[in-house]
Amino acid sequence: YEGNKKRLSTTSQKRADHFFSEFKRVARGINAWESGTIEEFGALITQSGHSSIVNFESGSPALISLYEILSSTAGVLGTRFCGGGFQGCCFAFIQAGHREAIAERLHVEYVERHPELVSEYSLHYCESVDSLSLKVV
C-alpha cells in the first residue's frame with residue numbers, strides 16, 4: 001500500500017490510511033490488553049476514533065462533539081463512536097472512579113453544544129463481567 005498510495009485519489013488515500021492503520025491498532029490493542037497496559041489500549045481506541053473522523057470522514061456533528069468532549073475528559077481512557085444507524089453512539093472506556101465527573105461534564109458541555117438534543121441523548125454504563133460479555137449497570 002505505501003508504495004502505491006500516491007496512485008489513489010486523496011479521498012481514497014485517506015480511506016485506505018484509516019483501513020490499514022486500523023489493522024495495526026487492533027494488533028497493538030490485543031497486545032496492550034493482554035499485557036494489562038490499559039492506558040495504551042485506551043489511547044488506541046481514541047486514535048481509532050480520530051482516524052475515523054479525519055481519514056474516513058465519518059460522524060455527524062453531534063457524534064464528533066461527543067467524541068471531542070469525552071477524549072478531553074479526565075478519567076476517560078479511550079473513546080470513539082460507532083454505528084451509523086439511528087444516529088450512532090459513542091462509547092468511552094473509563095476509570096470507574098471518574099464516572100460521576102464524566103457524566104457531569106457531558107451533561108453540561110454536550111447540552112451547551114447541542115441544546116436541540118437535550119431530550120434525546122442518553123448515557124449508559126456497562127461493566128465487564130468476563131472477557132466476552134458486558135453487564136449493563
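## Fold and interior of the chain

Buried residues, meaning those under 20% relative accessible area with a 1.4 Å probe and protein chains only (exposed is over 50%, partly exposed in between), make up 31% of the 137 residues in the chain. This is a predicted model, in which local features need pLDDT of at least 70 and side-chain atom pairs count only at pLDDT 80 or more, while totals for chains, interfaces and linings use all residues. Residues are numbered from 1 along each chain as its sequence is written, and side-chain values use heavy atoms, with hydrogens and water left out.

The chain holds four helices and four strands, taken as DSSP runs numbered from the N terminus (helices: H or I, at least four residues; strands: E, at least two), and along the sequence they follow the pattern α-α-α-β-β-α-β-β. The C-alpha trace spans about 50 × 40 × 25 Å along its principal axes.

Helix α3 (residues 61-71) is largely enclosed by the rest of the structure, because eight of its eleven residues are buried.

| α2 | 38-54 |

With contact taken as heavy atoms within 4.5 Å, and neighbours within four places in sequence left aside, Tyr110 is in contact with Ala62, Ser65, Leu66, Ile69, Arg105, Leu117 and Tyr121.

Helix α1 has 26 residues and reaches 37 Å from its first C-alpha to its last, close to the 38 Å expected at 1.5 Å a residue, where the expected span is 1.5 Å times one less than the number of residues. Within α1, Gln13, Ala16, His18, Arg25, Gly29 and Ala32 are buried, and what covers the buried residues of α1 includes α2. Phe23, which also lies in α1 (residues 10-35), counts as exposed because its relative accessibility is 53%. Just after α1, Gly36 takes a positive phi of about 80°.
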